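The following exercises are to be worked with the sequence and the model at hand. Each task is followed by a solution in steps.

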Amino acid sequence: MLLTAALARLNATPFPEPSEEVRISFVNLVKLMVDKNEVEVIPFLNELSATLSKVLLDSNPDMKENCAKFLGVLSAKLKKTLGHYARPMLSSLIQNTKHQRSKIRKASIRAIGDVIKTDHAPPLLKDILGQLKGLLNDKIAEVRRELHVVVKEWLANFDLSYLKMFECDLVMILLAGVGDEAADIAQLCVEGLDFYGTNLQKLLDELKEDVSAINPNSFDEEFQSRMNAIQCYPSL
């Protein structure tokens, strides 16, 4: 009942609660509920997602940043379930990557990274990938760095089915970062490509062993070409 009441003050625009300070207090109350027992929040995830998608677009920058950080916590605590409800929140987060304040853009990228890593959420990346690529040209190095950190994490965490969907785009983002004017970003991207090449080869080798045990002739030319191509990543 308390959670429902708190969400009711935030789930419409214009907000039923006109005070910015009180709206922030309501969000903090929801965070406390999640910290206390995240399982009790699961039945309300549809309403919570709809509410957060609206609150993320609050004109108050502190609210945007606060909610983005909250989504990081929520993604970790509800990894198996949040992804089913992620679309509206991702839609608002990607809008916030265009905010004039770099800390809002950075926090939004971080939140997108965390939400996309939850179960069932990776396919939603296709809806926002084009806008994320635009952040390669962000004037603030910290924002560009956060983008590359997130992409590196996705490449390290996605299973093979999701890698097949997004590998080309994500690797191209890291390749673009290799030429970044900030030396630490360039190095981050080189290391990310090196790790990805090594890790993917390991995954493919394990898959090859599993499948070959069932059918030794199951690996066709396309799969073998994929394995050969990935050899180049560690040496970039």
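**Exercise 1.** Determine whether H120 is buried, exposed or partly exposed, and state where H120 is placed.

*Solution.* Step 1. The relative accessibility of H120 is 43%, so this residue counts as partly exposed; buried means under 20% relative accessible area, exposed over 50%, and partly exposed in between, with a 1.4 Å probe and protein chains only.
Step 1. H120 belongs to the loop between α6 (102-116) and α7 (129-134). Helices are DSSP runs of H or I with at least four residues, strands are runs of E with at least two, and both are numbered from the N terminus.
Step 2. Although H120 is not a glycine, its phi is positive, at about 75°.

The model is predicted: local features need pLDDT of at least 70, side-chain atom pairs count only at pLDDT 80 or more, and totals for chains, interfaces and linings use all residues. Residues are numbered from 1 along each chain as its sequence is written, and side-chain values use heavy atoms, with hydrogens and water left out.

**Exercise 2.** Identify the residues that G83 touches, not counting residues up to four places away in sequence.

*Solution.* Step 1. Locate G83 in the loop between α4 and α5 (87-96). With 6% relative accessibility, G83 is counted as buried.
Step 1. List the contacts, meaning heavy atoms within 4.5 Å. Residues up to four places away in sequence aside, G83 touches T118, D119, H120, A121 and L124.
Step 2. Compare sequence and space for G83 and T118: they are 35 residues apart along the chain, and 5.4 Å separates their C-alpha atoms.
Step 3. S75 counts as buried because its relative accessibility is 4%.

**Exercise 3.** Describe the place of V41 and its contacts beyond four places in sequence.

*Solution.* Step 1. V41 is found in the loop between α2 (20-36) and α3 (45-55).
Step 1. Its relative accessible area is 2%, so V41 is buried.
Step 2. Apart from neighbours within four places in sequence, L3, M33, V34 and L48 are in contact with V41.
Step 3. From V41 to V30 the distance is 9.2 Å, C-alpha to C-alpha, at 11 residues apart in sequence.

**Exercise 4.** Which residues line the largest cavity?

*Solution.* Step 1. Define the search. On a 1 Å grid over the protein atoms alone, a cavity is a set of points where a 1.4 Å probe fits but cannot get out, and lining residues have an atom within 4 Å of a point.
Step 1. The lining consists of L7, L10, F26, V27, V30, T51 and L52. Helix α2 gives the largest share, three residues.
Step 2. By class, six lining residues are nonpolar, one is polar and none is charged. Ala, Val, Leu, Ile, Met, Phe, Trp, Tyr, Cys and Pro count as nonpolar, Asp, Glu, Lys and Arg as charged, and the others, Gly among them, as polar.

**Exercise 5.** How many aromatic pairs does the structure hold, and which residues form the aromatic cluster?

*Solution.* Step 1. Rings of Phe, Tyr and Trp (its six-membered ring) pair if their centres lie within 6.5 Å; planes under 30 degrees apart count as stacked, over 60 as edge-to-face and the rest as tilted. The structure holds three such pairs.
Step 1. W154 and F158 are stacked, at 6.3 Å centre to centre and 15° between the planes.
Step 2. F158 and Y162 are edge-to-face because their planes stand at 70°, with ring centres 5.9 Å apart.
Step 3. One aromatic cluster is formed by W154, F158, Y162 and F166. W154 and F158 are buried, and Y162 is buried as well.

Methods. On a 1 Å grid over the protein atoms alone, a cavity is a set of points where a 1.4 Å probe fits but cannot get out, and a pocket is an open set with protein on both sides within 12 Å along at least five of seven lines; lining residues have an atom within 4 Å of a point.
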